[in-house]
Every structure is written in C-alpha cells, then in structure tokens.
Amino acid sequence: MAANRQDTGGRRHYFDDPKRWKRLVGILFVVCAVVVALDLVSLLQKGMGWHELRHQERDWEGWPGFYAVYGFLAYTAIVYTAKALRKGVMRDEDYYDR
C-alpha cells in the first residue's frame, strides 16, 4: 500500500478510508433493497389485476428476482470464462524482452 502512495505523490485517494468502503457497500445494499421492493410491488400489482410495471415476453421473466438472478449468473459466467481464457492467453513476464 505504501508503494501505491509513493506512485501518486503521497496523496490519499477517496476509497483509502475503510469507512468510505463501508458507506459504499451500505448504499449498494439500500439500492438493492429498493429494487427488490419495486419488484415485489410489480408482483402485487399483477396479483391485483392492476397495470403492470414490466411487460415480459416469457412467463419466467415475471418471477420475482428473475433479472437479479439472471444478471448474477451471467456475470459469474463471464468471470469464470475470463479465468479460463487467461490460461491460454497469458504470456511470461519477459515475453517481449526475448
């Protein structure tokens, strides 16, 4: 960590303070809770026969939390695919020096 501060002229960055990381994670949790609440409101509206917030093409798109799970699985697949591709693409540290 000290080497990073020397590279930046000794300045501290915004997220060097752990309190700010905790605040950011807290904000993300609140945003997720609001999105889940809106998803449940949409489910209640559908059950009551009101106008729906979403217009899904397939039935499973109307499940509560479908897009959150779908996004998480897609992101996870991208990360693990990148890890697998790294083994084939990565070169030695002195590759360009040879």
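Select D39, S42 and Q45: these residues of helix 2 are buried, where buried means under 20% relative accessible area, exposed over 50% and partly exposed in between, with a 1.4 Å probe and protein chains only. An α-helix has 3.6 residues a turn, so residues three or four places apart point the same way. The model is predicted: local features need pLDDT of at least 70, side-chain atom pairs count only at pLDDT 80 or more, and totals for chains, interfaces and linings use all residues. Residues are numbered from 1 along each chain as its sequence is written, and side-chain values use heavy atoms, without hydrogens and water.

Next, show all of helix 2 (18-48). Helices are DSSP runs of H or I with at least four residues, strands runs of E with at least two, numbered from the N terminus.

Just after helix 2, pick G49, which has a positive phi of about 80 degrees.

Now go to F15, in the loop between helix 1 (2-7) and helix 2. F15 is partly exposed, with a relative accessible area of 34%.

Zoom out to the whole protein. The elements run α-α-α from the N terminus, with 3 helices and 0 strands. Of its 98 residues, 6% count as buried. Among contacts (heavy atoms within 4.5 Å) with a separation of 6 or more, 10% join residues 24 or more positions apart.
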